[in-house]
Amino acid sequence: MLEKAAAILDVIERGSASSAEIAEAAGISRGTVFRLVGAMARLGLVTQEGGRITLGPRIAQPAAAGDGVPAANAWADRLVALRDATGAFAVRLHQLHSPATRVCIAEVLDLHASQRSQLGILASLRADPVTVTFLAWQSSQPGGARVPAAVPYRDETLTRTRRRGWTQGFSGRDHCVAIVAAPVLDRRGRAVAVLEISGPVAVLTATPGWTHGRSLIAVASESDVISECLYRRGAAVPGATAQTVSSLHLLTTTRRTG
């Protein structure tokens, strides 16, 4: 199986490919490609979009080192410090993948985090602080995206979010998980990503935004730290201010040992 997984990576290193193209090029049955690609996507080794398969975020960090770009670990300590300072179990950076989907492009997890890794996994926009943050700053721009029907936020909610600079929410059974999100803004004030922390209400408090919002905004505004995340392979994300590089730069999962 490892040899077949390596053969799949060999194919998509040359560019995105469909399952059928991978099967033909690698000499592997389509059924095996389908199963392996599914498993590799869950591990962040590949990404699937519109029937095309590309290299995933966990392949990106070694590629970044080959470009001579500082490795993510050189500045991951900022996000780790945010996790430790707030007591959050997870710190994640999200980016819009399309008008209706988003993707986690960086994460730092606590050893005791109950959540599974979301790195590189596409997710539909849903009613939560990350989505409302994206929508709040989109709606402030001329011609900004309309709020999807599946995410029924009112204009006053979006306006209040922009005024505060952060938004909070709760999830899980009995709303036991607290979430705070803040935008990563470009020079034009557009949200190019959203930084999120999450953890038990007992740790982040019943008013997590008021308790940790300022800390989250401070890290989200550190463009020299965050901007290297804001790239996809081969092209810069619109609005990002750093130089274009040829590889995707992401944080891998980092966990405390103590």
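Trainee: The axes of helix H1 (residues 2-12) and helix H3 (residues 30-42) come within 10 Å and cross at roughly 85 degrees. Why are H1 and H3 called roughly perpendicular?

Mentor: Axes are lines fitted to C-alpha atoms, for helices over the stretch in contact, and angles run from 0 to 180 degrees between N-to-C directions. Angles under 35 degrees count as roughly parallel, over 145 as roughly antiparallel, 65 to 115 as roughly perpendicular and the rest as oblique. The crossing angle is roughly 85 degrees, so H1 and H3 are roughly perpendicular to each other.

This is a predicted model, in which local features need pLDDT of at least 70 and side-chain atom pairs count only at pLDDT 80 or more, while totals for chains, interfaces and linings use all residues. Residues are numbered from 1 along each chain as its sequence is written, and side-chain values use heavy atoms, leaving out hydrogens and water.

Trainee: Which residues make the contact of H1 and H3?

Mentor: Contact means heavy atoms within 4.5 Å. H1 contributes Lys 4, Ala 5, Ile 8 and Leu 9, and H3 contributes Thr 32, Val 33, Leu 36, Val 37 and Met 40. These residues divide into seven nonpolar, one polar and one charged. Ala, Val, Leu, Ile, Met, Phe, Trp, Tyr, Cys and Pro count as nonpolar, Asp, Glu, Lys and Arg as charged, and the others, Gly among them, as polar.

Trainee: What makes S5 (122-124) and S6 (167-171) edge strands?

Mentor: Helices (H or I, at least four residues) and strands (E, at least two) are DSSP runs, numbered from the N terminus. Two strands pair if DSSP finds at least two bridges between them. The open sheet of six strands has the order S5-S4-S3-S8-S7-S6, with antiparallel pairing. S5 and S6 each have a single partner strand, so one side of each is left without a neighbour in the sheet.

Trainee: How many bridges join S3 (residues 90-98) to S4?

Mentor: Eight bridges join S3 to S4, against the at least two required for pairing. Leu 93 has Ala 106 of S4 as its bridge partner.

Trainee: Why does Thr 101 count as buried?

Mentor: Buried means under 20% relative accessible area, exposed over 50%, partly exposed in between (1.4 Å probe, protein chains only). Thr 101 has 19% relative accessibility, so this residue counts as buried. Thr 101 lies in strand S4 (residues 101-109).

Trainee: What is the relative accessibility of Ile 197?

Mentor: Ile 197 stands at 0%, so it counts as buried. Ile 197 has its place in strand S8. Leaving aside neighbours within four places in sequence, its contacts include Leu 82, Val 91, Ile 179 and Leu 216.
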